[in-house]
Amino acid sequence: MKLYEITEAIASVFELMAEAQQNGDKEAEQACIDTLDSLDYDLSEKLERMSKIVRNYESDIKALKEEAKHLSDRAKTIERQNTLLKDYMKQAMERAGKTKVDAGIFKVSIQQNGGVKPLQINCDPLALPREFQTITITPDNDAIRKYLEAGGESELFEFKERGTSLRIR
């Protein structure tokens with residue numbers, strides 16, 4: 001087997017493993033791990049080949065995220081254009097005093113919106129009576145961290161151990 005074929009084989013095993021993880025298939029995931037472990041290469045050689053695959057994945061991830069951002073921006077632009085066009089159509093019908101118009105193959109009409117009536121609050125929410133307020137309580141992580149770093153102790157919170165990660169240079 002040639003080097004590029006081995007690298008492609010390893011990449012294929014990782015694709016199968018990702019699919020198994022996504023489907024929650026622990027047996028298939030373990031079979032992929034066993035396949036990788038059975039490859040007859042020393043650790044350094046395996047890690048080099050896998051590092052190449054990781055770099056390739058990272059490149060793909062970056063390109064896909066950039067494309068997703070581009071597509072998202074394009075969708076927002078088209079959405080704004082759509083809103084502007086519909087607003088113009090509505091205004092044109094209102095100026096003409098029409099609520100329904102036969103427009104070729106379409107029937108265009110202006111109608112009341114349904115659902116919950118819109119609400120506008122005309123004051124600072126703190127000025128509202130308590131019965132019209134909701135309160136959200138969240139931990140102050142910065143204050144807790146400073147307390148623990150200063151040597152404070154509590155049964156209610158504690159530092160966790162830092163995890164580890166793989167770095168490829």
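Predicted model: local features only at pLDDT ≥ 70, side-chain atom pairs only at ≥ 80, totals over all residues.
The mean pLDDT of the protein chain is 89. Of its residues, 96% reach 70 or more. Helix α1, residues 3–23, has the lowest mean pLDDT, at 81. Helix α4, residues 141–149, has the highest, at 96.

The largest nonpolar core holds 9 residues. They are Ile6, Ile10, Ala11, Val13, Met17, Cys32, Leu36, Met50 and Ile53. The most come from α1, which supplies 5. Met50 is one of the core residues. Leaving aside residues up to four places away in sequence, Met50 touches Ile10, Phe14 and Leu36.

Helix α2 has 13 residues. Its span from first C-alpha to last is 18 Å, close to the 18 Å expected at 1.5 Å a residue. Glu29, Cys32 and Leu36 are buried in α2. These three lie on the same side of the helix, because they cover an arc of only 60° around the axis. Two of them, Cys32 and Leu36, belong to the largest nonpolar core. The other side of α2 carries the exposed residues Lys26, Glu27, Asp37 and Ser38. The N-terminal end of α2 is capped by Asp25. A side-chain oxygen of Asp25 lies 3.3 Å from the backbone nitrogen of Glu27.

Helix α3 has 54 residues. It reaches 78 Å from its first C-alpha to its last, close to the 80 Å expected at 1.5 Å a residue. Lys46, Arg49, Met50, Ile53 and Met93 are buried in α3. Among them, Met50 and Ile53 are part of the largest nonpolar core. Just after α3, Gly97 takes a positive phi of about 75°.

Gln120 sits in the loop between β2 (106–109) and α4. Its relative accessible area is 64%, so Gln120 is exposed. The side chain of Gln120 makes a polar contact of 2.8 Å with the side chain of Asn122. Gln120 and Lys100 are 20 residues apart in sequence. In space, their C-alpha atoms are 30 Å apart.

Methods. Residues numbered from 1 in each chain as written. Heavy atoms only, no water. pLDDT = per-residue confidence, 0-100. Helix = DSSP H or I, 4+ residues; strand = E, 2+ residues; numbered from the N terminus. Core = buried A, V, L, I, M, F, W, Y, C linked by side-chain atoms within 4.5 Å. Buried < 20%, exposed > 50% of the residue type's maximum accessible area, 1.4 Å probe, protein only. Contact = heavy atoms within 4.5 Å. Expected span 1.5 Å × (residues − 1). Arc of directions from axis to C-beta. Polar contact = N/O pair within 3.5 Å; in protein donor to acceptor, adjacent residues only side chain to side chain.
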